[in-house]
Amino acid sequence: MQSESQRVGLRERYLYTQGMLGQNIIFNCINSFLSVFYTDILLIAPASASLLFLVARLWDAVNDPMMGSIADRTRTRYGKFKPYLMTFAVPIGIISVLCFTGSGLPSQWRLVYAYATYIAWGMLYTVCDIPIWAMCSVISSSEQERTVVLSWIKVGATLGAGIVLVFGIKVIGWFGGLSVAAAYWKSALVMCGAGALFMQLAAFAVQERVLPPKAKVSVLSNLQVIYRNLPLLLLILASLVSNFAGGIRTAVQLYYAKYVLLNEGLMMGIAAAAIGLMLVGMALTPLLTKRYSNKTIFIASTLGASFFHLIAFVAGYANLPLLIALLSVGVGFTGVNTIVMTALLIDTLDFANRKLGIRGEGIAFSTQTLVVKLSSAIAASLVLGVLQFMRYVPNALQTLRVMQGMHGLMFLVPALAYGLAALPILFYRLGR
């Protein structure tokens with residue numbers, strides 16, 4: 001029978017879910033609007049902004065695993081992850097707002113300012129993201145409790161993304177619209193401020209019930225959790241490609257609504273329909289896991305997402321209701337994918353514990369943080385690079401060539417990426 005001390009109460013689940021909602025509000029504010037702010041407000045050339053995102057991720061390749069190792073070696077009376085979230089929830093909210101400032105600077109200093117604020121944002125995001133996800137692996141020793149909590153926080157993460165995608169444009173509109181520089185930082189203050197508050201509340205509420213061993217594992221030993229863990233390496237590769245597919249759709253969707261559909265307000269309806277079916281997919285996942293393995297579900301869901309994105313690309317943008325329906329079903333499959341991906345990650349922790357005697361939650365979840373940031377940066381860089389190549393002109397009617405390029409980025413590239421994401425998991429041997 002499950003020990004009462006390992007049971008996670010309703011209030012704690014709710015506040016943890018609310019914290020994950022806040023974290024994803026912050027991430028999606030940056031992911032959805034920063035590229036447009038750089039190109040259309042700061043007037044940074046798309047190629048220069050593209051390079052910025054890639055340079056920041058090169059640093060993350062060092063910073064994220066380092067932070068994961070530091071967290072695994074942390075020993076406090078609050079736990080090894082909770083103290084970081086308690087300390088850095090508010091700072092990540094502040095730097096997120098600062099990312100949307102700088103329009104008053106001389107043009108030659110805007111790119112420098114963008115580098116400084118975006119790299120600082122990435123570092124602070126890492127310090128918060130690794131702990132908030134890793135806490136789900138130490139919140140209880142009961143696998144059943146962890147599974148329930150994981151389902152809750154995944155829904156919170158999706159709702160956080162949905163709030164930004166559905167209402168972000170409206171919030172920016174309250175302050176003047178996409179062409180007004182101050183509208184971006186004021187909107188970020190509202191949304192990222194709320195996100196930081198939700199994360200802070202979660203930091204105080206969530207308890208770490210699985211205590212780490214008193215002996216600290218060396219950094220080099222801890223890295224074995226990655227390089228001697230083939231299932232984790234396969235999952236990292238699959239996650240990178242899968243997250244890239246979603247990241248490129250997120251990076252281009254505002255450009256697509258504004259310049260292809262000629263109405264950025266349509267982004268709200270499109271996002272609402274897509275997020276709605278994504279939540280349906282997440283709700284169905286527990287039923288699917290009773291009959292099929294996580295591996296089978298991951299492969300089937302990525303192939304389903306690939307198929308419907310491909311059909312949407314072929315259908316074109318003349319028939320908007322059909323386009324929204326196809327996109328929504330495709331995104332619905334990713335709702336299934338996002339649940340089983342974390343379940344597969346936790347399986348790799350158990351594998352590392354059996355094989356190496358090291359669980360390494362921090363270092364393992366640092367790979368998830370790096371994958372999410374790296375995939376979104378590569379996606380944003382590709383979008384900006386293609387726009388530069390297609391001769392995109394900010395705040396103007398676009399040529400047919402540019403519009404077709406945006407359509408391909410929105411649907412064809414994700415279709416191909418989701419299909420490729422299934423391949424590494426074919427060789428994943430854990431689970432039933």
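Which helix gives the largest share of the lining of the second largest cavity? That share comes from α1, with 5 residues. The model is a predicted one, so some ground rules apply: local features need pLDDT of at least 70, side-chain atom pairs count only at pLDDT 80 or more, and totals for chains, interfaces and linings use all residues. Residues are numbered from 1 along each chain as its sequence is written, and side-chain values use heavy atoms, with hydrogens and water left out.

Back to the second largest cavity, which holds about 90 Å³ of space. A cavity here is a set of points on a 1 Å grid over the protein atoms alone where a 1.4 Å probe fits but cannot get out, and lining residues have an atom within 4 Å of a point. Grid points are joined across faces, edges and corners, and a volume is the space filled by probe spheres set on them. The lining of the second largest cavity draws at least two residues from each of α1, α2 (46–72), α4 and α12; helices are DSSP runs (H or I, at least four residues) numbered from the N terminus. By type, this lining splits into 8 nonpolar, 3 polar and 2 charged residues, where Ala, Val, Leu, Ile, Met, Phe, Trp, Tyr, Cys and Pro count as nonpolar, Asp, Glu, Lys and Arg as charged, and the others, Gly among them, as polar.

In total, 4 cavities of 30 Å³ or more turn up. The largest cavity contains about 990 Å³ of space and has 49 lining residues, with Asn24, Asn243, Gly246, Met278 and Thr338 nearest its centre. Helix α8 contributes the most to this lining, at 13 residues. The lining of the largest cavity comprises 26 nonpolar, 20 polar and 3 charged residues. Phe244 is buried (under 20% relative accessible area, with a 1.4 Å probe and protein chains only), at 16%.

The largest pocket has a volume of about 550 Å³. A pocket, by contrast with a cavity, is an open set with protein on both sides within 12 Å along at least five of seven lines. Its 22 lining residues include Glu143, Thr147, Thr289, Asn294 and Ala343, which lie nearest the centre of the largest pocket. Helix α11 supplies the largest share, 7 residues, and the lining of the largest pocket divides into 9 nonpolar, 7 polar and 6 charged.

As for charged pairs, the whole structure has 5 salt bridges, each a side-chain nitrogen of Lys or Arg within 4 Å of a carboxyl oxygen of Asp or Glu. In one of them, Glu145 pairs with Arg13, the closest N and O atoms being 3.6 Å apart. This pair links helix α5 to helix α1, across 132 residues, and both Glu145 and Arg13 are buried. Lys373 forms a salt bridge with Asp60 at 3.2 Å between the closest N and O atoms; here Lys373 is in α12 and Asp60 in α2, 313 residues apart. Asp64 also bridges to Lys373, at 3.4 Å between the closest N and O atoms. Asp64 lies in α2 and Lys373 in α12, so this pair ties together parts 309 residues apart in sequence. Asp64 is buried, with a relative accessible area of 0%, and Lys373 is buried at 1%. Through shared partners, Asp60, Asp64 and Lys373 are joined into one network of salt bridges.

Notes. Buried < 20%, exposed > 50% of the residue type's maximum accessible area, 1.4 Å probe, protein only.
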